Amino acid sequence: MITFSVDNLKDMNDSLKAFSDFLRQSNVGEDDIFDSRLVSCELISNVLVHLGERADFCGKISGKNIIITVSSPHTAGAIEPQSVPDVFAERGRGLYIVKTISGGNVSFRDGAVEVLLKIKDNKI
């Protein structure tokens, strides 16, 4: 498992490199690492840009799944969307991308969003 907190985009990129390295060390394939990084970037960026708060990240592997959780310290419920976004929405395209990549495996609770990505390309 890897956890970190970021409050700016530069730190996000540095921290996500560590997450990618963690996945490689866990024998996860490059396609799944790419998807995990994309999902993580979208979720963290949403907190930093739209909520203006620090983003708290947790990434772990559980069986054949990568679980990514992003939250912020003072916004319980604020991350949860009002409606399901679609590709043509003015807002929420990032969440649409996350839902598409994860096959809809996105849940919201207590100010956190959790995404489950099934590992397709692994060496485990």
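This is a predicted model: local features need pLDDT of at least 70, side-chain atom pairs count only at pLDDT 80 or more; totals for chains, interfaces and linings use all residues.
Me: Okay, how much of the protein counts as buried?

Reply: A residue is called buried when its relative accessible area is under 20%. By that cut-off, 41% of the 124 residues are buried. As for the accessible surface, it comes to about 6,900 Å², and carbon and sulfur atoms account for 50% of that.

Me: Let's zoom in on helix α3. Which of its residues are buried?

Reply: Helix α3 covers residues 93–101, and its buried residues are Gly 94, Leu 95 and Val 98. Now look down the helix axis: those buried residues sit within an arc of 95 degrees, so they line one face of α3.

Me: And what covers the buried residues of α3?

Reply: The cover includes helix α2 (30–51) along with the strands β4 (106–109) and β5 (112–118). Just past the end of α3, have a look at Gly 103, which takes a positive phi of about 65 degrees.

Me: You mentioned β4 and β5. Do they run parallel or antiparallel, and how many bridges join them?

Reply: They're antiparallel, with four bridges joining them. For one example, Val 106 has Val 115 in β5 as its bridge partner. Here's a general idea for looking at any strand: in a regular one, side chains alternate between the two faces of the sheet.

Me: What sits between the strands in that hairpin?

Reply: Two residues lie between β4 and β5, and in this hairpin Asp 110 has a positive phi near 50 degrees.

Definitions and conventions: Residues are numbered from 1 along each chain as its sequence is written. Side-chain values use heavy atoms; hydrogens and water are left out. Buried means under 20% relative accessible area, exposed over 50%, partly exposed in between (1.4 Å probe, protein chains only). The arc is that of the directions from the helix axis to the C-beta atoms. Contact means heavy atoms within 4.5 Å. Accessible areas come from the Shrake-Rupley method with a 1.4 Å probe; for residues, only the protein chains shown count as cover. Two strands pair if DSSP finds at least two bridges between them.
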